[in-house]
Amino acid sequence: MAGMTSTQPRTRSFAFAGLAAAILLASMPAGSQSATPSTGPDAPRVFVSAIQPADIRPHIEFLAGDDLQGRAGAGSRMAAAYIVDQFRNAKLPPLFPEGYYQVIPGKGDDSEKPVVLGRNVGCFLEGSDPELKHEVVVIGVHYDHLGVRNGQIFAGADDNASGVAMMLELARQLSSSKTKPRRSIAFVGFDLEENMLWGSRWFAAHPPWPLERVALFITADMIGRSLGDLPLPAVFVLGSEHAPQLKQSLNRVGHPEGLETARLGIDLVGTRSDYGPFRDRQVPFLFFSTGEHPDYHSPRDTAIRIDYAKAANVAGLILELVRDVANADETPTWSDAVTGDLDEPRALERITTLLLEAEAEPRLTDVQRYMVSTVRNRTRRILEAGEMTPDDRIWLVRMAQLLLLSVF
């Protein structure tokens, strides 16, 4: 995941990591399914994930292994080759006219001599419906990371070997299914995400077909841990506020057993991952993440720290969603209008409550604790009222920005 600040290694306390991540992912306009489990006739569908921990563990362990040197330089090329091998094993043809690789060019010291900055990799599953197969659902995740710095390997197990594992398992499952989706599916591994999203920016500017054909872009970045290491069995789903049909798809799909979903908005978090170039072109998108944790962009983000059951559940959720969107009669359409509902204060209330409950040993300053308590109490009042007014939303966004400033 691309940071809002420098990608240099940094160490942060639980409070700083949890609070920053909470605000980044919870203080946004919403339209969602609660992160709190519910029962009754209107409860979301609960299913068993078709993707299991044993399916994704080998991918993460390989990509986050020492031999790949933090997936930069030669390690990045090894990761790209591994992804291509998985595409070939799934019998999926290349996505690009030149093959599985899309070269990202640059210039060397000699301005006349081009150099290769990186490589996107991609494959394609053609849809089964003669009328809909020209529309494409793109599953794109970045496979690069920070490399080796000061003699330490930044393995990037969560960021973003976890997302790559999801993509590879979706490619395997969808390609081997007897019933192919009606719309076509593209699987793309982006390089250079940690360098200003350069891989996805290059892809969006040089797509293999007009972007108007993209029905939905899905990315996942860091899906194998928990927000601030809080006891929160949830995945955040961002972007559906810009396409009403996506809200309906998420409602139909429900969530895997053992995983909750919090459907939130994207506007405050800004551009943190590869959805940015697609959002900027008004392509409907969804961003999946379990949130930033204290090991983010540090050598401690290793395969042994991954919650494989959670990552598998998130992958299973995305698989079900892809099938739903790829087979739906109606294509998601972009909407600039964003209206909030109770999911934003509900998610923020839960996270601030968890932050305060985690204070057995005080780790928040008095000022931080006061602000977190204030947000929790105000969101509880909003939830008790059963509606969020425009003034409530303005307050939530402003308070979230203040909390962001207070911890960075």
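Modeller: Helix α5 (residues 198-205) lies across β2, β3 and β7, and runs at about 105° to β2. Helices (H or I, at least four residues) and strands (E, at least two) are DSSP runs, numbered from the N terminus. Contact means heavy atoms within 4.5 Å. Axes are lines fitted to C-alpha atoms, for helices over the stretch in contact, with angles from 0 to 180 degrees between N-to-C directions. This is a predicted model, in which local features need pLDDT of at least 70 and side-chain atom pairs count only at pLDDT 80 or more, while totals for chains, interfaces and linings use all residues. Residues are numbered from 1 along each chain as its sequence is written, and side-chain values use heavy atoms, with hydrogens and water left out.

Biologist: At what angle does α3 run to β3?

Modeller: α3 runs at about 20° to β3, and it lies across β2, β3 and β7. In total, the chain has eleven helices and twelve strands.

Biologist: In what order do the strands of the open sheet lie?

Modeller: Two strands pair if DSSP finds at least two bridges between them. Here eight strands form the sheet in the order β2-β3-β7-β4-β8-β12-β9-β11, with mixed pairing.

Biologist: Which sense of pairing, parallel or antiparallel, do β2 and β3 show?

Modeller: β2 and β3 pair in the antiparallel sense, over seven bridges. Pro105 stands opposite Val116 in β3. Strands β4 (residues 136-142) and β7 (residues 184-190), by contrast, run parallel and are joined by seven bridges. There, Val137 stands opposite Ile185 in β7.

Biologist: Which residues form the covered face of β2?

Modeller: In a regular strand the side chains alternate between the two faces of the sheet. In β2 the covered face consists of Gln102, Ile104 and Gly106, and the uncovered one of Tyr101, Val103, Pro105 and Lys107.

Biologist: Is Phe285 buried or exposed?

Modeller: Buried means under 20% relative accessible area, exposed over 50%, and partly exposed in between (1.4 Å probe, protein chains only). Phe285 has a relative accessible area of 0%, so it counts as buried. Phe285 lies in strand β12 (residues 285-289). Phe285 and Val214 are 71 residues apart in sequence, yet 9.7 Å apart in space, C-alpha to C-alpha.

Biologist: What does Gln173 touch beyond its sequence neighbours?

Modeller: Gln173, in helix α4 (residues 157-176), touches Ala50, Ile51, Leu319 and Arg323, not counting residues up to four places away. Gln173 is buried, because its relative accessible area is 15%. Of the 408 residues of the chain, 60% count as buried. Among contacts in the chain with a separation of 6 or more, 83% are between residues 24 or more positions apart.

Biologist: Which residues does the cis peptide bond join?

Modeller: The cis bond joins Asp159 and Asn160, with omega about 5°. Asn160 is found in helix α4.

Biologist: What is the phi of Gln69?

Modeller: Phi of Gln69 is near 50°, a positive value in a residue other than glycine. Gln69 is found in the loop between α2 (53-63) and α3 and is partly exposed, at 36% relative accessible area. Lys91 also has a positive phi, near 60°. Lys91 lies in the loop between α3 and β2 and counts as exposed, because its relative accessibility is 72%.

Biologist: How much space lies in the second largest pocket?

Modeller: Rolling a probe the size of a water molecule over the atoms shows where empty space is left. On a 1 Å grid over the protein atoms alone, a pocket is an open set of points where a 1.4 Å probe fits, with protein on both sides within 12 Å along at least five of seven lines; lining residues have an atom within 4 Å of a point. Grid points are joined across faces, edges and corners, and a volume is the space filled by probe spheres set on the points. The second largest pocket holds about 240 Å³. It is lined by 20 residues, and those closest to its centre are Ala72, Gly73, Ser76, Asp191 and Leu192. β3 (114-125) and α3 (74-89) each supply at least two lining residues, and β3 has the largest share, four.
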